[in-house]
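Student: I'd like a close look at one part of this model, a pocket. Could you take me through what surrounds it?

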Amino acid sequence: MKIMVVGAGGREHAIIKALRKSPLAEEIFVLSGNAGMSKDATLVPVAPKDIPAICEFARENAIDYAVVAPDDPLVLGAVDALEKVGVPCFGPRANAAIIEGSKAFSKELMKKYGIPTARYETFDNPQAATEYIDTLSEGKIVVKADGLALGKGVIIADDRESAKAAVHSMMCDKTFGDSGNKVVIEEFLTGPEVSVLSFTDGETVVPMVSSMDHKRALDGDRGLNTGGMGTVAPNPYYTEQVAEECMRTIFLPTIRAMKAEGRPFKGCLYFGLMLTPDGPKVIEYNCRFGDPETQVVLPLLESDLLQIMIACTEGRLKDVEVKFSEGAACCVVMASEGYPASYKTGYGVTVAPDIDAEVYFAGVKFADGKLVTSGGRVLGVVATADTLKSAVDKAYKATDKVSFANAYFRRDIGARALAAKQE
């Protein structure tokens, strides 16, 4: 089969490396990809949001199957457009991708179908939002931009004044553009956070290995929110008992709710969960594989990813095996110093040939035939092992084999998970 993957980051590199293991995958194209993927797929200079050009490439090159990975093209209807030109896809249609495209939609869905989540209110008027904040008790308040914001449109304010400043930033200063025309203000939940990616064909839902993301830029979960500085899998807080409760109260009800709304969801549905004292609650849904969660989840997948994806598209997920190894994985994201604020790029990247880990590239390009940095998150170093501690140690040891001038990475990825295992 000729496969086309839409996207350009570390998540897409992880998907491509997993797809390559399938005997069905004869040739893989990536639109637009990045220079670090060039050994694993054919790079095609078409932007992931250029849906007409994506469809034209698929038609002209007789693509057999497409994987649309990022949120933007999914919300913009890339799957709908590709299906119209006869290309089957992994990923939800636009009317289902709204579960991530609009936080207001997802919160209203949860309220309507009794899916546990934080209490909230939605506003399209900054003054009304500010007045509402005055009615809340003092303490942390969560302010979310309604639309897509590269995973950064959530501000956890320490007090009412900070929450008002967040509303002003989103709604008046347009920090996130039109994504902040509407905001969701919700209660601050406490407890361990868990990410669960799941395969679904609109009827059946099969959760993947759980993971723990590290969103803040600095050690000790300090600093600015980022797209993710690293991940580990599995998440020790996600026990069998918690998994059963999530399946009963969140996963299946969500899939059934979307079907009942006439928006059947096929593809990868990401559940961002908080394990509160009152039980698991949904923090957010994503309509696609997470980044960098994918980088630790897919290396643990023992089954054929392409076969699973096709089964999701064709509505027969219950008939295929989805098996993960009993081991663990750790991803350490190596970023440009200064990310997610201001940073310099254009530095040469070298990876030693004897590195004992996978390297998934994100922010790199070719300059004069050499690999150089071109973004904030440059790459992810991913190690797998029998135990979580071994995976973490192996990943950090492997970072010594990667170098670029202003490399920065957190030194405590997995520390919280390892501490939890000892509790």
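Which strand and which helix each supply at least two residues of the lining of the second largest pocket?

Tutor: Quick ground rules: this is a predicted model, where local features need pLDDT of at least 70 and side-chain atom pairs count only at 80 or more, while totals for chains, interfaces and linings use all residues. Residues are numbered from 1 along each chain as its sequence is written, and side-chain values use heavy atoms, leaving out hydrogens and water.

Your answer is strand E11 (205-207) and helix H9 (240-260); these are DSSP runs numbered from the N terminus, at least four residues (H or I) for a helix and at least two (E) for a strand. H9 gives the largest share, four residues.

A pocket here is an open set of points on a 1 Å grid over the protein atoms alone, where a 1.4 Å probe fits, with protein on both sides within 12 Å along at least five of seven lines; lining residues have an atom within 4 Å of a point. This one holds about 400 Å³ of space, counted as the space filled by probe spheres set on the points, joined across faces, edges and corners.

Its lining runs to 18 residues, with Met208, Val209, Tyr238, Glu240 and Ala243 nearest the centre. By type, 11 are nonpolar, four polar and three charged (Ala, Val, Leu, Ile, Met, Phe, Trp, Tyr, Cys and Pro are nonpolar; Asp, Glu, Lys and Arg charged; the others, Gly among them, polar).
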